[in-house]
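Colleague: I'd like to learn how to read a few features in a model like this one. Could you walk me through them?

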Amino acid sequence: MSQVLRQHAEQQFAEELDALQKADDRPRPPNWKLSPWAVLQYLMGGTLSNGFEVSAKYIGSPRLMEIAVSTLATDRALLLYGVPGTAKSWVSEHLAAAVSGDSTMLIQGTAGTSEEQLRYGWNYAQLLAHGPSEKALVPSPLVHAMKLGKIARIEELTRIPADVQDTLITVLSEKTLPVPELSTEFQAVAGFSVIATANNRDKGVNELSSALKRRFNTVVLPVPASQDEEVKIVIKRVGEQSRALQLPAEAPALEEVRRVVQIFRELRNGQTEDGKTVRIKSPSSTLSTAEAISVINSGMALAGHFGDGVLRAHDVASGLLGAVIKDPVQDSVVWKEYLETVVKERSEWKDLYRACREQI
């Protein structure tokens with residue numbers, strides 16, 4: 001049987017969740033696997049009283065995670081909002097894993113998401129043979145979460161058509177889902193909640209109605225506050241992913257990671273980190289932390305399979321080109337200008353400058 005490429009959070013970190021559960025003596029809301037305190041420990045990492053080390057899943061403000069966890073302990077749903085690549089889905093998955101022990105009750109929002117995918121559908125063979133019945137009904141992940149008292153996750157909520165989004169209003173306010181065809185309803189069990197994600201690049205696509213917004217407590221996940229924080233995130237995730245992918249390359253040097261992160265931050269913010277070049281044009285792409293991780297992983301794959309296993313400038317250059325230049329006309333101009341005005345002027349970046357110029 002082939003090895004699973006990516007385990008669910010509750011499987012990958014089962015040992016940590018088990019250790020937290022044994023050490024957790026705080027009050028737990030109904031049907032929660034851990035107390036809010038232990039959920040926060042799981043997210044932020046730390047050392048337990050017995051010396052067990054819990055790895056950090058989120059590197060950033062603990063207060064944001066406190067607000068997210070406490071929201072789930074109330075009757076309000078949680079909306080994680082921010083630019084692409086700010087770990088919204090990652091946080092959503094780990095919250096569900098820690099609270100419910102199950103992160104798989106997931107609905108992926110798209111322009112084609114239908115009301116049936118949020119509510120329930122029908123097994124048409126059963127429907128034709130026996131008519132409407134519970135046996136013929138196909139419950140959605142949302143219904144499963146309601147019945148089991150667990151957390152349902154909805155990815156990219158603002159990509160779902162507005163009339164389908166509003167299906168959630170009754171579920172979030174009344175904690176019930178009517179089934180008019182059977183003259184019955186599904187009632188949520190204690191512990192049920194919803195975590196939705198949305199990114200601000202989709203603003204104006206399918207805006208949430210004011211009625212639906214009121215049912216959510218919104219937590220905005222920002223881009224990493226400092227370069228050191230972003231470097232720490234990239235190194236951690238690159239290490240985890242390279243082990244999972246079994247990349248035959250050495251761990252990247254700190255300075256190589258720092259260069260990639262600095263380039264992303266400077267292009268994203270429109271100015272150099274040292275403040276010497278006040279104005280830099282920004283490309284059309286988001287240049288998120290997730291993309292920085294991808295650039296390093298891509299470079300490690302090149303170094304491992306087609307080089308000597310050591311990540312160098314020419315391995316990073318092709319990944320940078322693909323990440324920055326999404327619009328071949330506009331972004332090419334921005335990237336070339338950045339190379340000539342910023343990268344070229346840094347004596348310690350001459351190797352990267354030459355490698356990037358060769359790729360253009």
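Modeller: Gladly! Helices and strands here are DSSP runs, numbered from the N terminus. Keep in mind that this is a predicted model.

Colleague: Where is E156 found, then?

Modeller: E156 sits in the loop between β7 and α9 (162-165).

Colleague: Is E156 buried or exposed?

Modeller: Buried means under 20% relative accessible area. E156 has 16% relative accessibility, so this residue counts as buried. Its side chain also makes a polar contact with the side chain of N199, at 3.3 Å.

Colleague: And how should I read aromatic pairs?

Modeller: Ring planes over 60 degrees apart count as edge-to-face. The whole structure has three aromatic pairs. In one of them, the ring centres of F13 and Y42 are 6.3 Å apart with the planes at 80 degrees, so the pair is edge-to-face. F13 belongs to the loop between α1 (9-12) and α2 (14-23), and Y42 to helix α3 (residues 36-44), so the pair ties together parts 29 residues apart in sequence. Both F13 and Y42 are buried.

Colleague: What about charges over rings?

Modeller: R26 lies over the face of W37, 4.4 Å from the ring centre. Likewise, the charged end of R346 sits over the ring of W349, at 4.6 Å from its centre.

Colleague: Which helix gives the largest share of the lining of the largest pocket?

Modeller: That is α12, with nine residues. The pocket has a volume of about 1200 Å³. Of the 45 residues lining it, the closest to its centre are R6, W90, R237, E240 and Q241. The lining divides into 18 nonpolar, 15 polar and twelve charged residues.

Key. Residues are numbered from 1 along each chain as its sequence is written. This is a predicted model: local features need pLDDT of at least 70, side-chain atom pairs count only at pLDDT 80 or more; totals for chains, interfaces and linings use all residues. Side-chain values use heavy atoms; hydrogens and water are left out. On a 1 Å grid over the protein atoms alone, a cavity is a set of points where a 1.4 Å probe fits but cannot get out, and a pocket is an open set with protein on both sides within 12 Å along at least five of seven lines; lining residues have an atom within 4 Å of a point. Grid points are joined across faces, edges and corners, and a volume is the space filled by probe spheres set on the points. Helices (H or I, at least four residues) and strands (E, at least two) are DSSP runs, numbered from the N terminus. Ala, Val, Leu, Ile, Met, Phe, Trp, Tyr, Cys and Pro count as nonpolar, Asp, Glu, Lys and Arg as charged, and the others, Gly among them, as polar. Buried means under 20% relative accessible area, exposed over 50%, partly exposed in between (1.4 Å probe, protein chains only). A polar contact is a pair of N or O atoms within 3.5 Å; within protein, one must be able to donate a hydrogen and the other to accept it, and residues adjacent in sequence count only if both atoms are side-chain atoms. Rings of Phe, Tyr and Trp (its six-membered ring) pair if their centres lie within 6.5 Å; planes under 30 degrees apart count as stacked, over 60 as edge-to-face and the rest as tilted. A charge sits over a ring if NZ of Lys or CZ of Arg is within 6 Å of the ring centre and within 35 degrees of the ring normal.
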